[in-house]
Amino acid sequence: MKSKIAPVFILLLSVTLNSATVMAREPYWGERRIELLGFTEQQILVLESTIRQLQSLEPGELKIDKGVYNRLSRFKELFGFSFNGRDLSRWLLSRIQSISYENSWTAAANRNQGDFFVGDLFFKQMSPLERLYSLIHEARHSDDDGYKHTRCPKGFRYISSRQPDLNLEKVPACDNSPYGAYAFQAALLFELFAFGLFEQDEAGLLYNSSISRVIP
Ligand SMILES: [Zn+2]
């Protein structure tokens with residue numbers, strides 16, 4: 001008798017444990033009715049850890065010259081609140097309707113102002129900091145008319161450090177608006193640089209790279 005019950009019990013236990021593992025997602029996906037499509041559990045964990053890092057951001061002590069900070073900080077002007085991770089993660093999540101796995105020419109995309117697409121470039125090649133700012137970038141495409149990119153100018157001098165095979169000249173990867181996705185991405189990177197969050201030099205270099213896409 002014992003020998004028959006034990007295997008059944010173990011089977012039930014393992015089914016319960018497996019479904020618990022599958023269901024153990026952060027509550028905000030369900031609360032905000034954000035669909036996750038085509039991801040492995042591992043990829044969902046990466047998405048969740050990116051959002052957790054975002055939530056935990058706190059300004060702390062300024063680590064750069066105050067005059068430079070006052071001159072170049074645009075976070076509050078653009079986002080409408082002072083730099084802090086809790087409000088920023090809400091700002092991000094409120095701009096997402098779904099996130100799907102898809103490989104395209106870019107690391108992430110946002111179609112229909114809320115349908116996000118991320119692929120292998122996002123999961124396999126990007127650093128945690130790059131994942132974080134790229135979600136903020138995509139979220140800005142959910143606002144107003146979507147802030148579509150303009151073509152980078154002829155003779156554009158900057159390169160894409162993330163995609164070395166990409167020729168940015170005349171490619172729609174620039175903004176002629178100071179309120180577009182690259183401005184928002186740069187504004188976040190500037191705060192991370194200024195407060196020494198993440199690697200300060202990586203944040204600073206990425207800020208320079210991002211602001212170069214905003215054509216005056
Ligand atoms: Zn974009």
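The protein chain holds 10 helices and 4 strands, where helices (H or I, at least four residues) and strands (E, at least two) are DSSP runs numbered from the N terminus. Read from the N terminus on, the elements follow the order α-α-β-α-α-α-α-β-β-β-α-α-α-α. This is a predicted model, in which local features need pLDDT of at least 70 and side-chain atom pairs count only at pLDDT 80 or more, while totals for chains, interfaces and linings use all residues. Residues are numbered from 1 along each chain as its sequence is written.

**Confidence**
- The average pLDDT of the protein chain, the predictor's confidence in each residue from 0 to 100, is 91, and 89% of the residues score at least 70.
- Over residues 15–20 pLDDT stays under 50, and the model has 0 contacts beyond four places in sequence for them, a contact being a pair of residues whose C-beta atoms, placed from the backbone, lie within 7 Å.

- Of the 216 residues in the protein chain, 27% are buried, that is, they have 20 or more other C-beta atoms within 10 Å of their own, whereas 12 or fewer make a residue exposed and counts in between make it partly exposed.
- Leaving aside residues up to four places away in sequence, I136 touches L92, F184, Q185 and L188.

**Packing of α3 and α8**
- The axes of α3 and α8, lines fitted to C-alpha atoms over the stretch in contact, with angles from 0 to 180 degrees between N-to-C directions, come within 10 Å and cross at roughly 80 degrees.
- T50, Q53 and L54 in α3 meet P128, R131, L132 and L135 in α8.

**Positive phi in loops**
- Q113, in the loop between β3 (108–111) and β4, has a positive phi near 50 degrees although it is a residue other than glycine, and it counts as partly exposed because it has 15 C-beta neighbours inside 10 Å.
- D144, in the loop between α8 and α9, is not a glycine either and has a positive phi of about 45 degrees; with 10 C-beta neighbours inside 10 Å, D144 counts as exposed.

Terms used
Contact = placed C-beta atoms within 7 Å.
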